[in-house]
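Let's take a walk through this structure together.

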Amino acid sequence: MSDTQKTASVRIQRFNPEKDHKPHFQEFTVSYTRDMTLLDALHEIKSHQDGTLTYRRSCRHAICGSCAMNVNGINMLVCNTPIKEHINRKGMVTIKPLPYLPIIKDLVVDRTKFWEQYMRVKPWLIPSPEVPEKEYRISTEEVEALNKAETCIMCGACYSACTVVGTSENYIGPHALLKSFLRVLDPRDAGAAERLEEVGTHEGAYRCHTIFNCIDACPKKLDPTKAIETLRNLAQKRLAFEDAKKKRLTTITKAVE
Amino acid sequence: MRIFQIQRVTAVALLVFMTIHMIVVHYPPFHIDFSIIVERMVNPVWKVVEILFLLSVLLHGLSGAYVVLTDYKQVSKFKKALALVVIVAGIVAFSWGTYTIISWRLPA
Amino acid sequence: MYKTTGFVSFVLRRFTGVVLVLYLLLHIWVIGSAVSGPEVFDQRLNAVQTPLFKIAEIALLAAVVYHAFDGVRLLLVNWFKVTDKRKNLFWAVFIVSALMVIAGGVPILLFMLESK
């Protein structure tokens, strides 16, 4: 089978804060093979056509979360996306930085707000104040329930696809709410009360309008909306949930049945 | 959280009330005038149903309007003022609507 | 704005909601004329039952129907967390709404044409 060389037009949004008033588009021509990813195309352009093209990337296999960008209007990771899947009928693919975040240069955005919202939900384990005598034992079901939330690579695709993030002042965002859900449901975590207080507000889980852009954008096929709906339910039944958690913490060092 | 709960509870209530309203008042289409409506509205059971309907729809609609407005950063600075406007509008609309419902009587 | 079916559904739900709230306040005012007696009431009501208003009524029906069915979809998501069926649910809402608007709108149109 021959690897025929085809060419595509790659239209990239450029912005140099030292020279430009506002962002503008620049087109490059790239020849591609069927295995080439969008990140490969960007590398090709930067290496051989315009060395000033600026973008974030690192692991190039969908685990670091650095290379999330907006391609033909959809957020995705460019390192694991074949370019041929996104070439339109006119032979063009358009790459822009993630929406709703301030642009630093070209395809690099300022993620400060993203990380601030993340820190709001205390994204670490808050252990029980009692020092355990034995190790914690957690069942397979409990681990599986958390699996999806644990897989998140913090790429920002969901946050910057969210319409509510784009229009509202201080919405916590699907990324942080997913992580909050992870800890709230974690049997080892004793901080459910303060977590639910932070996210069970009009800036948290109750601001989500179930638009589902986050699920569509997630490169790991995670489900922030389901997590947010669960948080909403738990915030309403807060006292009952806290009781159940306290009980679970008393049995956590016993063998799992 | 409270607004969310109000929205959901009134939504379910409205599914019932709206269905009743559509079938009883609007189907099949006919020319509506005082004499047709008054037959139904002098009945105290209908008066109660309509008052509950009015309450549900005002709660649902005005809390929804509040959420829509405070969603946008340009407007959410005036949250307290907006809440006041919405509450006042609700009280006025509910009072006037209830007064109207109670006032339905056969002409002398 | 980030364009998906979810976004379209959201915008339509918001738009119909706002329209309906404004209509509601107007409606309370119009029906409120009943306290002034049958003559005033019938006069107001005749003014809003002209053929033009009948067509607007079909638009109102569309707004109510869409908003209600999309709301039911939201309740299903809230209670049963059916996020994996989301595209199917969106299309179901659009289609059922369209069908109901036709089912309700055709009798209104016929009635309007008859009484002209």
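First, some housekeeping. This is a predicted model, in which local features need pLDDT of at least 70 and side-chain atom pairs count only at pLDDT 80 or more, while totals for chains, interfaces and linings use all residues. Residues are numbered from 1 along each chain as its sequence is written, and chains are lettered from A and ligands numbered from 1 in the order in which they are written.

Let's start with chain A. Its C-alpha atoms fill a box of roughly 65 × 45 × 30 Å along the principal axes. Its secondary structure comes to nine helices and seven strands; here helices (H or I, at least four residues) and strands (E, at least two) are DSSP runs, numbered from the N terminus. Of the 257 residues in chain A, 36% count as buried. A residue is called buried if 20 or more other C-beta atoms lie within 10 Å of its own, exposed if 12 or fewer, and partly exposed in between, with C-beta atoms placed from the backbone.

Chain A is divided into domain 1 (6–109) and domain 2 (112–251), with bounds that come from an automatic or database domain assignment. The C-alpha centres of these two domains lie 31 Å apart. Where they meet, 13 residues of domain 1 are in contact with 13 residues of domain 2, contact meaning that the C-beta atoms of two residues, placed from the backbone, lie within 7 Å. On the domain 1 side, β4(A) gives the most, with four residues. That side divides into 11 nonpolar, two polar and no charged residues. For these classes, Ala, Val, Leu, Ile, Met, Phe, Trp, Tyr, Cys and Pro count as nonpolar, Asp, Glu, Lys and Arg as charged, and the others, Gly among them, as polar.

Now look for the sheet. Five strands of chain A form an open sheet in the order β2-β1-β5-β3-β4, with mixed pairing; two strands pair if DSSP finds at least two bridges between them. Which strands stand at the edges? They are β2 (24–32) and β4 (74–77) of chain A, each with a single partner strand, so one side of each is left without a neighbour in the sheet. From one strand to the next, the twist averages 35°.

Follow β1 (residues 6–14) of chain A and you'll see both kinds of pairing. With β2(A), β1 pairs in the antiparallel sense over nine bridges, and with β5(A) in the parallel sense over four bridges. A:Thr7, for its part, has A:Ser31 as its bridge partner in β2(A). Helix α1 (residues 38–48) of chain A lies across β1, β2, β3 (68–71) and β5 (92–96), running at about 105° to β2(A). That angle is taken between N-to-C directions, from 0 to 180 degrees, with axes being lines fitted to C-alpha atoms, for helices over the stretch in contact.

Next, the inside. In soluble globular proteins, nonpolar side chains tend to be buried together. A nonpolar core is a set of buried Ala, Val, Leu, Ile, Met, Phe, Trp, Tyr and Cys residues joined through C-beta atoms within 7 Å. The largest one here has 65 residues, and A:Val78, A:Leu177 and A:Leu231 have the most contacts inside it. Helix α5 (residues 174–185) of chain A gives the most to this core, with six residues. The core draws at least three residues from each of domain 1 and domain 2 of chain A. Another core, of nine residues, lies apart from it, with C:Val65 and C:Phe69 among its members.

Finally, where do the chains meet? Eight residues of chain A are in contact with six residues of chain B, and the chain A elements giving two or more residues are α4 (163–167) and α8 (224–236). Between chains B and C, 24 residues of chain B are in contact with 27 residues of chain C. On the chain B side, α1 (2–26), α3 (44–70) and α5 (79–103) each supply at least two residues, and by class that side has 16 nonpolar, six polar and two charged residues.
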